[in-house]
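Let's walk through a model together, pockets and charged pairs in turn. Have a look at the chain below, then try each question before reading on.

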Amino acid sequence: MRMIAASLRGVTKDFGAVRGLDDVELDFRSGEVTVLLGLSGSGKSTLLRHLNGLQSPTAGEVSVLGSRIDAGDGRGLRRLRRQVGFIFQHFHLVESMSVLENVCTGRLGALRGPRLSLMMYPRSVRAEAMAQLERVGMADRAFQRADTLSGGQKQRVAIARALIQRPRILLADEPVASLDPVSAAEVIDLLREIGDEQELTVICSLHQVRTALDFADRIVGLQSGRVVLDERAAGLTADAAFSIYDRVAQPDSLRRVPALAG
Ligand SMILES: Nc1ncnc2c1ncn2[C@@H]1O[C@H](COP(=O)(O)OP(=O)(O)OP(=O)(O)O)[C@@H](O)[C@H]1O
């Protein structure tokens with residue numbers, strides 16, 4: 001029986017009059033790859049941000065690795081966050097820094113004081129950053145500036161930066177949305193391989209339904225902040241997965257907070 005790595009209990013998130021998440025109840029099992037599907041605005045990013053404490057729920061509880069991430073003090077939150085890697089659509093690398101230094105920044109949370117250059121990182125961190133770059137196939141680019149890389153290469157570096165944190169959970173918010181199909185497939189394959197090797201709990205939002213079915217162990221479909229589908233990927237047909245998009249009405253059907261609805 002797999003442990004629960006993270007859970008949301010009755011999580012609702014309101015942004016003023018807009019409900020971003022609506023009574024979400026989910027457990028994420030350790031070592032499992034879950035893909036979040038849903039239209040733009042359905043709440044995928046909001047859900048991911050709740051799992052690393054970037055956002056707090058309006059109601060409900062979020063637990064990560066056995067601790068409440070929504071209710072901890074600053075120190076507890078930082079400790080938990082170190083175990084949760086985050087990969088973004090637009091990579092969020094420091095473009096003017098070398099690839100190697102970008103990866104080293106993934107360790108900043110565990111080091112005291114600022115690091116103004118690569119040589120200010122301990123040798124052990126630099127060696128580990130290089131090992132992570134080897135793992136993602138980017139070691140030969142270590143001393144290049146990040147802004148000289150292609151999108152697929154940047155995402156590999158961003159993965160290495162997340163891995164140097166030694167996370168137990170890896171969150172990925174549309175990690176291939178900015179990539180060409182070949183680079184996207186390579187990045188998805190890499191995430192799956194690394195997830196399996198390191199027994200990471202991976203929670204990833206995607207817009208590519210067929211890729212999601214190949215990549216994931218489990219598919220969660222969101223619609224206007226609600227979970228409308230929660231199935232093992234292996235038992236799910238593409239038609240059933242696509243149906244979460246069919247069932248949605250017009251984009252202006254964003255659910256309103258009842259008390260404020262006109
Ligand atoms: N900081 C915010 N302030 C106000 N509204 C927000 C904020 N963040 C999200 N929302 C709203 O919450 C809802 C869910 O947004 P979210 O970004 O989670 O959707 P998404 O499924 O990730 O969309 P996409 O696929 O475009 O990234 C949307 O209606 C969005 O406009």
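Q: Which elements each supply at least two residues of the lining of the largest pocket, and which one gives the most?
A: This is a predicted model, where local features need pLDDT of at least 70, side-chain atom pairs count only at pLDDT 80 or more, and totals for chains, interfaces and linings use all residues. Residues are numbered from 1 along each chain as its sequence is written, and side-chain values use heavy atoms, with hydrogens and water left out. Going by DSSP runs numbered from the N terminus (helices H or I, at least four residues; strands E, at least two), α2 (74–81), β6 (84–87) and α5 (151–163) each bring at least two residues. The top contributor, with three residues, is α5.

Q: What is the volume of the largest pocket?
A: A pocket here is an open set of points on a 1 Å grid over the protein atoms alone, where a 1.4 Å probe fits, with protein on both sides within 12 Å along at least five of seven lines; lining residues have an atom within 4 Å of a point. Grid points are joined across faces, edges and corners, and a volume is the space filled by probe spheres set on the points. There are 19 lining residues, with Arg-81, Val-84, Thr-105, Gly-106 and Gln-165 nearest the centre. The volume comes to about 480 Å³.

Q: Which residues lie nearest the centre of the second largest pocket?
A: This pocket holds about 180 Å³ of space and is lined by 15 residues. β2 (18–29) and α1 (44–51) are the elements giving two or more of them. Nearest the centre you'll find Gly-41, Ser-42, Gly-43, Lys-44 and Thr-46.

Q: How far apart are the closest N and O atoms of Arg-135 and Glu-193?
A: The two sit 58 residues apart in the chain, Arg-135 in helix α4 (residues 123–135) and Glu-193 in helix α6 (residues 181–197). They form a salt bridge, meaning a side-chain nitrogen of Lys or Arg within 4 Å of a carboxyl oxygen of Asp or Glu. The closest N and O atoms are separated by 3.1 Å.
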